[in-house]
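Colleague: Could you take me through one part of this model closely, namely the sheet, the helices on it and the charged pairs around them? Please give the cut-offs as you go.

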Amino acid sequence: MSWRVPLADLKIPEDDVRAVLECLESGWLTMGPRTKQFEEEFAAFAGSPHAVAVSSCTAALHLSCLAAGLGEGDEAIVAGMSFVSTPNAVRYTGATPVLCDIGGPHDMNIDLEDVERRITPRTKAVLAVHFCGYPARVLELRRLCDERGLLLIEDAAQAVGAVVDESGRRTGTVGDLACFSLFSKNQLPVGEGGVVTSANEELAAKVRSLRSHAMTSVTWDRHRGYADTYDVVDVGYNYRLDEPRAALALSRIKRLDGDIESRRELARTYRRELAGLDGLEFVWDDADVERASHFAFPVLLADRPARDRFRERLQALGVQTTWYPAIHRFSDYRNTYGELSLERVEAAADRHCALPMSSGFSRKEIAIVVEAVKQALAEELGAAA
């Protein structure tokens with residue numbers, strides 16, 4: 001399919017190419033000095049004392065669950081509206097993910113009241129997803145977790161640079177641990193990669209150790225003569241970020257604030273140009289737009305058939321869209337945990353559709369999306385008449 005406007009469009013300017021080429025020419029490609037520098041710069045950007053770069057956000061979630069001590073017999077409460085890697089990370093540890101409801105189609109983040117209802121003596125942690133880059137109510141969740149003796153893990157995969165309060169405090173600074181994605185559609189895209197942030201030095205050290213086989217020294221240390229051997233102190237993993245991706249991330253992080261503002265301006269434009277159209281509703285409100293970092297721009301249609309027809313019409317016009325299925329409806333989750341009813345997750349999953357979102361979109365591309373949406377809605381109204 002040749003899209004007139006794809007869901008996301010990753011542009012690689014010459015500075016990015018040069019940064020990666022310099023890394024390749026250096027001859028050092030595995031985790032090393034560029035990874036360390038990127039961790040320092042990401043920690044400064046997020047406002048967190050510690051940042052640990054890893055191979056993906058799934059790896060970040062897995063290591064965070066392990067650092068939190070999740071294991072057999074434990075439960076972790078997870079928002080039912082997310083990508084499947086969030087609850088799967090809990091399962092990797094042997095613990096059980098307990099899916100909970102969201103605020104509703106107009107607030108697709110975790111519902112605090114449902115979290116509290118699902119806490120049991122086996123609950124050890126809560127995983128809060130900042131869905132589509134819109135910050136969840138993590139400050140309130142922090143208080144709840146503190147009251148109940150639970151760890152809070154932020155799944156900020158889609159929310160690099162989002163802010164959680166009026167002071168400008170960013171995602172990744174409220175939970176005991178937080179996980180970010182560097183996937184190609186995200187705010188800081190390098191293809192594959194992830195980051196764990198934490199203000200807890202012990203938790204950060206655990207993640208740092210487990211990402212590289214729990215070895216007491218890494219290859220870069222031995223290359224520089226800082227160690228000539230190593231011990232293995234735990235069951236670790238190969239979750240390292242490589243140097244070319246770290247180099248690309250270092251180049252792109254310089255533009256991150258501007259890229260996020262471009263995404264925010266696109267969200268404002270969508271809301272301005274599409275406001276009041278029959279058959280289309282927005283998720284969240286104008287104030288939420290100013291706090292979000294806009295991984296995607298979801299809109300709501302009347303029901304699933306209307307949503308599916310809307311997507312088909314946009315596809316015919318060359319505009320790519322996507323949507324997120326409800327996790328508890330996946331075959332594996334139904335077979336493993338049985339039938340579950342999460343009414344607000346199901347309503348949101350059936351009704352939402354994500355429009356194209358990228359920091360590099362031109363005015364022409366935005367205009368194509370806006371006109372395609374208007375045409376698709378007009379066709380729906382005409383068919384219903």
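Modeller: What follows goes from the sheet to its helices, then to the salt bridges and finally to the cysteines.

This is a predicted model, in which local features need pLDDT of at least 70 and side-chain atom pairs count only at pLDDT 80 or more, while totals for chains, interfaces and linings use all residues. Residues are numbered from 1 along each chain as its sequence is written, and side-chain values use heavy atoms, with hydrogens and water left out.

The sheet is open and consists of 7 strands in the order β1-β9-β8-β7-β6-β2-β3, with mixed pairing; here two strands pair if DSSP finds at least two bridges between them, and the elements themselves are DSSP runs numbered from the N terminus, helices being H or I of at least four residues and strands E of at least two. Its edges are β1 (50–54) and β3 (96–100), each of which pairs on one side only, and from one strand to the next the twist averages 20°. That angle, like those below, lies between N-to-C directions and runs from 0 to 180 degrees, the axes being lines fitted to C-alpha atoms, for helices over the stretch in contact. Strand β2 (residues 75–79) runs parallel to β3 and is joined to it by 5 bridges, and Val78 stands opposite Leu99 in β3.

Helix α4 (residues 85–92) packs on this sheet, where it touches β2, β3, β6 (123–129) and β7 (151–155), and its direction makes about 150° with that of β3; contact means heavy atoms within 4.5 Å. Helix α7 (residues 201–210) lies across β1, β8 (177–181) and β9 (194–198), and runs at about 15° to β1.

Side chains of opposite charge can pair when their charged atoms come close. A salt bridge is taken as a side-chain nitrogen of Lys or Arg within 4 Å of a carboxyl oxygen of Asp or Glu, and a search of the whole structure finds 38 salt bridges. In one of them the side chains of Asp234 and Lys206 meet at 2.6 Å, N to O. This pair links distant parts of the chain, with Lys206 in helix α7 and Asp234 in the loop between α8 (219–223) and α9 (243–253), 28 residues apart. Asp234 is partly exposed at a relative accessible area of 34%, and Lys206 is partly exposed at 32%, where buried means under 20%, exposed over 50% and partly exposed in between (1.4 Å probe, protein chains only).

Arg142 and Asp176 form a salt bridge at 3.1 Å, N to O, and this pair too links distant parts of the chain, from helix α6 (residues 138–148) to the loop between β7 and β8, 34 residues apart. Both Arg142 and Asp176 are buried. In helix α1 (residues 14–26), Asp15 and Arg18 are separated by about one helical turn, because they are 3 residues apart; their closest N and O atoms are 3.0 Å apart in a salt bridge. Asp15 is partly exposed at 46%, as is Arg18 at 39%. Elsewhere, Glu261, Arg264, Glu265, Arg268 and Glu290 are linked in a network of salt bridges.

Lastly, a disulfide is a pair of cysteine sulfur atoms within 2.5 Å, and by this rule the count comes to 0. For Cys132 the nearest cysteine sulfur, that of Cys353, is 11 Å away, and Cys132 is buried at 1% relative accessibility. For Cys145 the nearest is that of Cys100, 11 Å away, and Cys145 is buried with a relative accessible area of 1%.
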